[in-house]
Amino acid sequence: MKTTILNEPVKSEPTIVKRPAAERGQSELGWLHSRHTFSFGNYFDPDHMGFRSLRVINDDVVEPGAGFGEHPHRDAEIFSYVIKGELKHKDSMGNGRVIKEGDLQYISAGRGVLHSEFNPSPKTPVHFLQIWLMPKTSGGQPRYAEKALGTDARANALTLLFAGEPRDGAVGIRADADVYFGKLDAGEKLVHHAAAERAQWVHVIEGEVSLLGERLATGDGAAIENAKELEIQSRAGAQFLLFDLK
């Protein structure tokens with residue numbers, strides 16, 4: 001089923017469209033093993049071009065000592081979440097940091113930025129998510145920020161990481177979107193309350209969750225619309241990202 005839905009009748013009942021991990025696009029470059037939730041690079045699928053302002057979710061594994069050389073971006077809100085290992089970042093704004101397991105990095109490319117990312121370890125692969133959101137407006141000065149989860153990632157709750165309207169310690173971004181980290185223990189559940197005319201995307205980092213009659217496991221995603229109260233539960237425990245989108 002399509003995750004990008006155009007010119008269809010307006011529906012009032014909650015809907016969910018699952019994007020199974022096994023059906024994602026693939027790129028294998030020797031040093032890079034990538035799975036694409038949406039069309040990206042040489043992987044093109046007109047049924048999976050994005051969801052609302054969410055344009056890219058790439059699930060990447062980079063081999064030791066390898067990485068992406070310096071390359072440009074503009075008019076994109078770019079997030080990296082390190083699942084395992086470490087990711088070294090360098091950009092034309094003068095930032096040069098190593099992002100560690102469980103932490104996030106944010107770049108608002110604005111009118112244009114150059115950056116590179118590589119795995120500094122000589123032995124261990126790095127596994128991370130790279131995510132792009134489309135900004136509300138084009139241009140502007142590039143921005144950079146980091147977000148360490150640490151003790152902020154509360155169990156059985158949603159932790160607000162990035163927000164179009166900054167609050168609760170979240171980093172402000174240029175997209176009309178809120179990005180949450182969710183953590184559930186086995187047998188627990190949580191509820192996300194959504195405003196009218198907004199939609200959600202859930203991406204499971206690890207574990208499994210159930211919502212609106214669908215079960216999502218590691219790497220699965222789902223588009224949700226018309227859910228004023230979105231209940232998410234887990235039988236075995238899970239970590240996931242939730243995007244609340246205009």
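Trainee: Hi! Could we start with Thr15: what relative accessible area does Thr15 have, and how is Thr15 classed?

Mentor: Happy to. Thr15 has a relative accessible area of 24%, so it counts as partly exposed. Keep in mind that this is a predicted model.

Trainee: Got it. Where is Thr15 found?

Mentor: In strand E1, which covers residues 15-19.

Trainee: And what does Thr15 touch, not counting residues up to four places away in sequence?

Mentor: Thr15 touches Leu212, Ala223, Ile224 and Glu225.

Trainee: Let's change topic. Is Thr37 buried or exposed?

Mentor: Thr37 is buried, at a relative accessible area of 2%. You'll find Thr37 in the loop between strand E3 (32-36) and E4.

Trainee: Which residues is Thr37 in contact with, leaving aside its neighbours within four places in sequence?

Mentor: They are Arg19, Arg24, His48, Ile57, Trp201 and His203.

Trainee: Now Val171. Why is Val171 classed as it is?

Mentor: Buried means under 20% relative accessible area. Val171 has 18%, so it counts as buried. Val171 lies in strand E14, residues 171-172. Leaving aside its neighbours within four places in sequence, Val171 is in contact with several residues, including Tyr106, Ala145, Leu161 and Phe162.

Trainee: How far from Val171 is Glu117?

Mentor: Their C-alpha atoms are separated by 21 Å, and the two residues are 54 apart along the chain.

Trainee: Okay, on to the core. Which residues touch the most other members of the largest nonpolar core?

Mentor: Leu54, Leu133, Phe162 and Phe243, out of 30 residues in that core. Among the elements that give two or more residues to this core are strand E4 (54-62), strand E11 (126-133), strand E13 (157-163) and strand E21 (238-245). Another core lies apart from it, with 21 residues, among them Leu160, Ala170, Tyr180 and Ile232.

Trainee: Can we zoom in on Leu133? What does Leu133 touch, not counting residues up to four places away in sequence?

Mentor: Among them are Leu54, Phe79, Ile173, Val179 and Leu245.

Trainee: Last topic, the whole chain. How many helices and strands are there?

Mentor: Zero helices and 21 strands. Of the contacts between residues at least 6 apart in sequence, 71% join residues at least 24 apart.

Trainee: Why does the radius of gyration agree with a compact globule?

Mentor: Because a compact globule of 246 residues would have a radius of gyration near 18 Å, and the chain has 17 Å. The C-alpha trace spans about 45 × 40 × 35 Å along its principal axes, and 51% of the 246 residues count as buried.

Trainee: And how many positive and negative side chains are there?

Mentor: There are 29 positive and 34 negative ones, and the centres of the two sets lie 3 Å apart.

Methods
Residues are numbered from 1 along each chain as its sequence is written. This is a predicted model: local features need pLDDT of at least 70, side-chain atom pairs count only at pLDDT 80 or more; totals for chains, interfaces and linings use all residues. Side-chain values use heavy atoms; hydrogens and water are left out. A nonpolar core is a set of buried Ala, Val, Leu, Ile, Met, Phe, Trp, Tyr and Cys residues joined through side-chain atoms within 4.5 Å. Buried means under 20% relative accessible area, exposed over 50%, partly exposed in between (1.4 Å probe, protein chains only). Helices (H or I, at least four residues) and strands (E, at least two) are DSSP runs, numbered from the N terminus. Contact means heavy atoms within 4.5 Å. The radius of gyration is taken over C-alpha atoms; the globule rule is 2.2 Å times the number of residues to the power 0.38. Lys and Arg count as positive and Asp and Glu as negative; His and the chain ends are not counted. The place of a charge is taken as NZ of Lys, CZ of Arg, CG of Asp or CD of Glu.
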